[in-house]
Amino acid sequence: MSAMSEIKAYRRRDGRVGIRNYVLVISMVSCSNTVTERIARTTGTIPVVHEQGCCEFEHDHARTKLALIAAGRNPNVGAVLLVGLGCEQTNIEDVRRCVAETGKPVEAILIQREGGSPEAERKGVDIVRRLKALCESQERVPCRVADLVVGVQCGGSDWTTALSANPVIGAMTDLVVAAGGSVLMSEVAGFPGSEHIVASRAVSHDVGLQVLDMISELRAEYIETYGQKIEEVNPTPGNKAGGITTLVEKSMGNIKKMGTSPVQGVLKLGQAIPHPGLWVIDNRAQGPDPFNLTGLAMQGAVVTAFSSGRGSPVGNAVMPTLKLTGNPETFRKLGSITDFNAGAVIEGATIPETGKALYALLLEIAGGRETKSEINGNFEYIVPREAARKKRDACPLS
Amino acid sequence: MKKAIRIEPEDNVAVVAQDTSAGETLDCAGASLVAKGAVPLGHKIALSRIPRGEKIVKYAVTIGLASSDIAPGEHVHSHNVEDITNRLCNEYERAFRARKG
């Protein structure tokens, strides 16, 4: 085994490996957000708050619950305090049990049971201080790249994203996979046009069919929702002005992050990763970048390489986010939010050598080096929700 | 020197890294290339002669077909490329589904 494939990290009781030992304070319902945030602020830990947790339709609530449980289960999390109100839809005992299955300490408090907010806050702070001390006493142990689950994503793109940054991420993906690790690619809404390329890299005929079936569904959804084919509106006039000529070309810019590694399968959000390798996550939630980033964290990614041509500060509550840009000017201008300059490719470096440098930084971050997202306190956790658009609403202003 | 980036060695187009005027010389993967016409930042330039009907290759995959003869150094875009995305995806899918395991 090469020295490059050894890292020091936290091995959890369930066998998975985390690269951080975060203590998380998770709110069960929007009514308990403030107490959650105050406990986290007092103790210097990370709050997970959200706008839901009660009066939700079944499938919306299933997503809320999955997101909260997945936050607690992520291997980067060493200990958890759950904070609820007491009468909400989210069943705090279910959440506690599902997170505790991984073997980490999980405690729960309810504001109504504690006798009010200040009382819950005091008790919560005491608990979190104890959990924090416990986590601080744990040490990193030798682990392998094969233990890592790495996400890949892009957002805030410009002309360099598909040219330098994403191909560099692709080179990194191939290195992680070659070392026995796992890479998760989502952003499936950007697949149509290159699904034949993804399917051609499938490890089996069945996996190829999974890819093609998913994209057929997406294409049908698009027609049902918008009344037009994806090809009719893509590439957009803006894409064409920027130099993109065809839809294959546009979607390949996205697919490039997968490198050329074999595709092991398509997983739904919440489905466990059966074995290492490159996996496609069927997260169709379309929204701001934290939607997809949170989806990757929910899937167990412990770090995500995120490329942004224009620059982006986003991070995640349970997962450091390695930000790179393909644009050397963006790197110079936005160095405080960007970890890596893939714009070296624009200035003459090769894609393989820049991919190797990105991989080296990824391993440093896995070993404990803080990302800009962590330094800047970007600990977002935004539950990815699929739009339920059975009926199109008329614009109230038209 | 101005630059054009070839993403994969098998590509027959590169992407220019700055606005380029006709007659300007570009460095591309160690070789030099003269622009036949203006090529805006982020747009494609032909690295070799691409006869009409031939594949345009970027990212090591076919992204379209030349709809006219393209000379080395020429701007490659909608005016000389046919978008065959539908055909590529449909033909692949049909053949793939017809195959059993």
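The points that follow are grouped by topic.

The structure is a predicted model. Chain A contains an open sheet of 4 strands with parallel pairing, and chain B contains an open sheet of 3 strands with antiparallel pairing. A search over all chains finds 3 aromatic pairs.

**The parallel sheet of chain A**

- The strands of this open sheet follow the order 4-3-5-6, and their pairing is parallel.
- Strand 4 and strand 6 of chain A stand at the edges with a single partner strand each, so one side of each has no neighbour in the sheet.
- On average, neighbouring strands of this sheet are turned by 20 degrees against each other, with direction ignored.
- Strand 3 and strand 5 of chain A run parallel and are joined by 6 bridges. In strand 5 of chain A, A:Ala79 stands opposite A:Val23.
- Helix 1 of chain A lies across strand 3, strand 4, strand 5 and strand 6 of chain A, and it runs at about 160 degrees to strand 3 of chain A.
- Helix 2 (residues 58–73) of chain A lies across strand 3, strand 4 and strand 5 of chain A, at about 165 degrees to strand 3 of chain A.

**Helix 1 of chain A and A:Val35**

- The buried residues of helix 1 of chain A are A:Asn33, A:Val35, A:Thr36, A:Ile39, A:Ala40 and A:Thr43.
- The cover over these buried residues includes strand 3 (22–27), strand 4 (46–48), strand 5 (77–84) and strand 6 (106–110) of chain A. It also includes helix 4 (111–114) and helix 5 (117–136) of chain A.
- A:Val35 belongs to helix 1 (residues 33–43) of chain A. Its relative accessible area is 4%, so A:Val35 is buried.
- Leaving aside residues up to four places away in sequence, A:Val35 touches A:Val83, A:Ile111, A:Ser117, A:Ala120 and A:Glu121.
- A:Val35 and A:Arg122 are 87 residues apart in sequence, while their C-alpha atoms are 9.7 Å apart in space.
- Just after helix 1 of chain A, A:Gly44 adopts a positive phi of about 65 degrees.

**A:Asn292 in helix 12 of chain A**

- A:Asn292 is located in helix 12 (residues 289–298) of chain A. With a relative accessible area of 7%, A:Asn292 is buried.
- Not counting residues up to four places away in sequence, A:Asn292 touches A:Gln153, A:Ser186, A:Glu187 and A:Asn283.

**Aromatic pairs**

- Among the 3 aromatic pairs found over all chains, A:Tyr22 and A:Phe379 form one that is edge-to-face, with 5.9 Å centre to centre and 80 degrees between the planes.
- A:Tyr22 lies in strand 3 of chain A and A:Phe379 in the segment after helix 15 (372–375) of chain A, so this pair ties together parts that are 357 residues apart in sequence.
- A:Tyr22 is buried, with a relative accessible area of 10%, whereas A:Phe379 counts as partly exposed at 25% relative accessibility.
- A:Tyr222 and A:Tyr226 form a tilted aromatic pair, with 4.8 Å centre to centre and 55 degrees between the planes.
- Both A:Tyr222 and A:Tyr226 lie in helix 8 of chain A, 4 residues apart, which is about one turn of the helix.
- A:Tyr222 is partly exposed, with a relative accessible area of 22%, and A:Tyr226 is partly exposed at 41%.

- The open sheet of chain B has the strand order 6-7-9, with antiparallel pairing. Its edge strands are strand 6 (55–58) and strand 9 (81–82) of chain B, each of which pairs on one side only.
- Strand 6 and strand 7 (residues 61–66) of chain B pair in the antiparallel sense over 4 bridges. The bridge partner of B:Lys55 in strand 7 of chain B is B:Leu65.
- Helix 11 of chain A lies across strand 6 and strand 7 of chain B, running at about 160 degrees to strand 7 of chain B.
- Helix 1 (residues 85–98) of chain B has 14 residues and reaches 20 Å from its first C-alpha to its last, close to the 20 Å expected.
- In helix 1 of chain B, the buried residues are B:Thr85, B:Cys89, B:Glu93 and B:Phe96. They cover an arc of only 70 degrees around the axis, which means that they are on the same side of helix 1 of chain B.
- On the other side of helix 1 of chain B, B:Arg94 and B:Ala98 are exposed.
- The cover over the buried residues of helix 1 of chain B includes helix 7 (195–200), helix 8 (205–226) and helix 11 (247–255) of chain A.

Note on methods
Residues are numbered from 1 along each chain as its sequence is written. Chains are lettered from A and ligands numbered from 1 in the order in which they are written. This is a predicted model: local features need pLDDT of at least 70, side-chain atom pairs count only at pLDDT 80 or more; totals for chains, interfaces and linings use all residues. Side-chain values use heavy atoms; hydrogens and water are left out. Helices (H or I, at least four residues) and strands (E, at least two) are DSSP runs, numbered from the N terminus. The expected span of a helix is 1.5 Å times one less than its number of residues. Buried means under 20% relative accessible area, exposed over 50%, partly exposed in between (1.4 Å probe, protein chains only). The arc is that of the directions from the helix axis to the C-beta atoms. Contact means heavy atoms within 4.5 Å. Two strands pair if DSSP finds at least two bridges between them. Axes are lines fitted to C-alpha atoms, for helices over the stretch in contact, and angles run from 0 to 180 degrees between N-to-C directions. Rings of Phe, Tyr and Trp (its six-membered ring) pair if their centres lie within 6.5 Å; planes under 30 degrees apart count as stacked, over 60 as edge-to-face and the rest as tilted.
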